[in-house]
Amino acid sequence: MRTGPPTRDRARVARWGLGVLTLINLFNYLDRYVGAALVESLRKSELHLSDKQLGWLPTAFIVVYMLASPFFGARGDRGSRPRLIAAGVAIWSVATGLGGLARNFISLFLARAAVGIGEAAYGTISPALLADYFPLEMRGRVFAVFSSAIPIGSAAGYVVGGLINQHWGWRAAFFVAGFPGLALAFLAARLVDPPRGAQDKERVEGGGGDPEDSLPDDPGAAGSAAAEAAPGPAKGAAGVLQGYRELLKNRPYALAVLGYAAYTFALGGVAYWMPAFLERVRHVPSAQATVQFGLIVVATGFAGTFAGGWLGDYFLRRSKQAYLWLCGWSALAAAPLTWVAFAASSRPLYMSALIGAQVFVFLSTGPINSAIINAVRPGARATAVALSIFAIHLFGDVPSPFAIGVISDATSLGQALLIVPVAIALGGLIWLYAAWTGDGRRKTR
């Protein structure tokens, strides 16, 4: 009788999967934000870009990322997840490198837009894959580890982009950022694809045991195992539309995503324009601005992300809405600090406020992903992440870099960035309402 691999081997498979996906996530954000480090150089380059055109570059990426996500979400709930992730990583890596060959605004626009195709495959599928590696009570910490790559990768984009740009120019920065991802595509293709909902099924049936006991014995058979374990909604276009309709009727999920959209509006604007703000408004030298902000993002992001993951799991014992409560209160704490960071003239004051705001902002990174994953059934998780990506970018960082660029052209960059704390506060209020209504429904049952 076949009993499967030892528990330690199953645990190793889950940890290896988390490690590979986290490393890919780091390059995901490095490639995404390397362009932000090059804003001032691109503006002064032979391309002669305006702030409005510069604001269109991240929008091009996000629009494609947003539109491609529903397709990959539907595929991710039915097909081989490691292969889809690997294809996505390869596409975005090549597209990043092609940015260095741009000869005008249009060619750079198209290269940055193509990055969104690859990142859509990875961004929609990897959270669902992680949820099938680890049980619910560990997901806050797991997503904290996974999400720790966001500040590190973003900061690496600023630092690598800034330093390479200083020594070899902005074209070289795109080359260096892009092509290492091809090696990660190979690692992604070899990940195990566990049955969908295995960890949740174990909890429902009261089976207990090790969190990784349900991983398939043979990695080569992972794709078929996952396909057999997938739930049975209608197939084809009708099935996809049915899945999205179900998600729109899911109130906890919808509110979590709505708050996330306001939060993403703020983060998208800050992430893209902050190095330019430090250089143009605070008069920090270009390379120093990117490195300085990158180091702040690393330190505050690492601290905030890990604290948020552990706190979310800890308070989950007291409230099923702990992830949303934590997101809401941390966003409300971050909003006034963000305003001070942009409005104050004293360097010690605005730097202290910026650091504090970043910590509170990053507290939400792991918990909000956990809240979204836990709000839907296992067989719809990639679709749920895809729809959330579509919504948060449509209402979030698609308009924000461009809107800030337009306001900056009409007034100043410092004035334009004052819309950011308003968006953070709005996201916090929506999350608190979602948590309050969620707890209220349980008390009436």
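Me: Which residues does Y244 touch, not counting residues up to four places away in sequence?
Reply: This is a predicted model, in which local features need pLDDT of at least 70 and side-chain atom pairs count only at pLDDT 80 or more, while totals for chains, interfaces and linings use all residues. Residues are numbered from 1 along each chain as its sequence is written, and side-chain values use heavy atoms, with hydrogens and water left out. Contact here means heavy atoms within 4.5 Å. On that basis, the residues touched by Y244 are P70, A74, T383, A386 and L387.

Me: Where is Y244 placed, and is Y244 buried or exposed?
Reply: Y244 belongs to helix α12, residues 236-248, where helices (H or I, at least four residues) and strands (E, at least two) are DSSP runs numbered from the N terminus. The C-alpha atoms of Y244 and A74 are separated by 9.6 Å, although the two are 170 residues apart along the chain. Buried means under 20% relative accessible area, exposed over 50% and partly exposed in between, with a 1.4 Å probe and protein chains only. With a relative accessibility of 12%, Y244 therefore counts as buried.

Me: What distance separates the end C-alpha atoms of helix α18?
Reply: The expected span of a helix is 1.5 Å times one less than its number of residues, and for the 17 residues of α18 (residues 381-397) this should come to 24 Å. Of these 17 residues, 14 are buried, so the helix is largely enclosed by the rest of the structure.

Me: How many helices and strands does the protein chain have?
Reply: Buried residues make up 59% of the 445 residues in the chain. Among contacts between residues at least 6 apart in sequence, 85% join residues at least 24 apart. As for the elements themselves, the protein chain has 21 helices and 0 strands.

Me: What is the distance between the closest N and O atoms of E119 and R32?
Reply: A salt bridge is a side-chain nitrogen of Lys or Arg within 4 Å of a carboxyl oxygen of Asp or Glu, and the structure holds 9 of them. E119 lies in helix α5 and R32 in helix α1 (residues 7-33), so the pair ties together parts that are 87 residues apart in sequence. Both residues are buried. They form a salt bridge in which the closest N and O atoms are apart by 2.9 Å.

Me: Which residues are linked in a network of salt bridges with R280?
Reply: The side chains of E40 and R43 meet in a salt bridge at 2.8 Å, N to O, and because they are 3 residues apart in helix α2 (residues 39-44), about one helical turn separates them. E40 is buried, with a relative accessible area of 7%, whereas R43 is partly exposed at 33%. The residues linked with R280 in the network are E40 and R43.

Me: Which helix has the lowest mean pLDDT among the elements of the protein chain?
Reply: pLDDT is the predictor's confidence in each residue, from 0 to 100; the chain has a mean of 82, and 86% of its residues reach 70 or more. Over residues 202-234 the pLDDT is below 50, although this stretch has 59 contacts in the model beyond near neighbours in sequence. Where pLDDT is low, the predicted coordinates should not be read in detail. Helix α15 (residues 322-343) has the highest mean, 95, and the lowest, 35, belongs to helix α11 (residues 222-229).
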